[in-house]
Amino acid sequence: MGKGCIAATKYFLFLFNLLFFIFGAVIMGFGLWVMLDNQSFIMVLHESSTTLKVGAYILIGIGSLSMVMGFLGCIGAIYEIRCLLGLYFTCLLLILIAQVTAAVLIYFQRDLLRQEMSTIVNKIMVNYTGQNKTSEHAWDYLQRTMKCCGWTGPSNWTENVSMKSQNNSQNLYPCSCRNESISGTDMKETGLCPHLSSEWPVFTTGCVSSVEDWLLRNCGVILGVCVGIAVIELLGMILSMCLCKSVQQEDYTKVPKY
């Protein structure tokens, strides 16, 4: 391979590793968002779902590892260090295998995940008290912003323990479900509100369709990021092997000393 081709391969590999480092930061950032966000449906699932917690930690781990590998790949490419290039190729291969395995598992477990999500939401509604609980506030926020009530409809709230324990004359309903187009009492953002009529002034549609649309939109973003990373990984593996074969012997004098 001529010097011009080696130089082109080296700098293309550096560029791909830079993109790989950026995508790793995006994945790690998404994992941190899943762990720390308290204003979306993610928090509703996060507080009760072990699967989501484990998934968030996996995303953070993969993102961190991708950033480290991107850095090592940049160093190996610029200074033409064969051992780093070989290590970089091996780690990229392992990461790619792990990504494909995770995607297959998620695809075949999607019905179980959907069932778990439904169970978590119904449990929150049954035990809802309106107190300062993060998952309850996140569910209230979801119902207000998406203008929906319950999982499949307002009837889901009839199983709430607090509503059942109260006198029927109070006729409590979830405040966050309140439809502002219907006249009545002042609107509250959280808790259970009394209503004189037996017909609740709430949204009639359930949140399941809105939540599924939200998850599908986010899954599309995640899928796009993962496909982009997979393409960069494949190109990085090809370029690293080409550069590794073109390097005849190690020259550690190129490595800067600190």
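This is a predicted model: local features need pLDDT of at least 70, side-chain atom pairs count only at pLDDT 80 or more; totals for chains, interfaces and linings use all residues.
Biologist: Disulfides, then. How many by the rule?

Modeller: The count comes to 3 disulfides. The rule asks for a pair of cysteine sulfur atoms within 2.5 Å.

Biologist: What pattern do they follow?

Modeller: The pattern is 1-6, 2-4, 3-5, with bonded cysteines counted along the chain.

Biologist: Take C148. Which cysteine does a disulfide join it to?

Modeller: C207, at 2.0 Å from S to S. The link of C148 and C207 is right-handed, with 95° about the S-S bond. C148 lies in the loop between α6 and α7 (161-165) and C207 in the loop between β2 and α8 (208-246), so the pair ties together parts 59 residues apart in sequence. Helices (H or I, at least four residues) and strands (E, at least two) are DSSP runs, numbered from the N terminus.

Biologist: Is C148 buried or exposed?

Modeller: Buried, at 1% relative accessibility. C207 is buried too, at 0%. The cut-offs: buried is under 20% relative accessible area, exposed is over 50%, and partly exposed is in between (1.4 Å probe, protein chains only).

Biologist: And C149, what does it form a disulfide with?

Modeller: With C177, the sulfur atoms 2.3 Å apart. That link of C149 and C177 is right-handed, at 90° about the S-S bond. The pair links distant parts of the chain: C149 is in the loop between α6 and α7, C177 in the loop between β1 and β2, 28 residues apart. C149 has 0% relative accessibility and counts as buried. C177 is buried at 0% as well.

Biologist: How far apart are the sulfur atoms of C175 and C193?

Modeller: They are 1.8 Å apart. The link of C175 and C193 is right-handed, with 115° about the S-S bond. C175 sits in the loop between β1 and β2 and C193 in strand β2, 18 residues apart. Both C175 and C193 are buried.

Biologist: What about C242, buried or partly exposed?

Modeller: Partly exposed, with a relative accessible area of 32%. C91 counts as buried, at 18%.

Biologist: New topic. How many residues in the largest nonpolar core?

Modeller: It has 24 residues, and W139, W151 and W157 have the most contacts inside it. Elements giving two or more residues to this core are α5 (110-126), α6 (134-146), β1 (172-174) and β2 (192-194). α5 gives the most, with 5 residues. Such a core is a set of buried Ala, Val, Leu, Ile, Met, Phe, Trp, Tyr and Cys residues joined through side-chain atoms within 4.5 Å.

Biologist: What lies apart from it?

Modeller: Another core, of 20 residues, among them L13, I229, L243 and C244.

Biologist: How many aromatic pairs does the search find?

Modeller: It finds 2 in the whole structure. Y128 and W157 have ring centres 5.1 Å apart and planes at 85°, so the pair is edge-to-face. Y128 is in the loop between α5 and α6, W157 in the loop between α6 and α7, 29 residues apart. Y128 is buried at 0% relative accessibility, and W157 is buried at 0%. The rings of W139 and W151 have centres 6.5 Å apart and planes at 45°, so that pair is tilted.

Biologist: What are the cut-offs there?

Modeller: Rings of Phe, Tyr and Trp (its six-membered ring) pair if their centres lie within 6.5 Å; planes under 30 degrees apart are stacked, over 60 edge-to-face, the rest tilted.

Biologist: Where is E136 placed?

Modeller: In helix α6. E136 is buried, with a relative accessible area of 3%. Its side chain reaches the backbone nitrogen of T129 at 3.2 Å.

Biologist: Last one. How far apart are the end C-alpha atoms of helix α4?

Modeller: They are 39 Å apart, which agrees with the 39 Å that its 27 residues (82-108) should span at 1.5 Å a residue. The expected span is 1.5 Å times one less than the number of residues. The buried residues of α4 are L84, L85, Y88, C91, L92, I95, L96 and Q99.

Terms used
Residues are numbered from 1 along each chain as its sequence is written. Side-chain values use heavy atoms; hydrogens and water are left out. A polar contact is a pair of N or O atoms within 3.5 Å; within protein, one must be able to donate a hydrogen and the other to accept it, and residues adjacent in sequence count only if both atoms are side-chain atoms.
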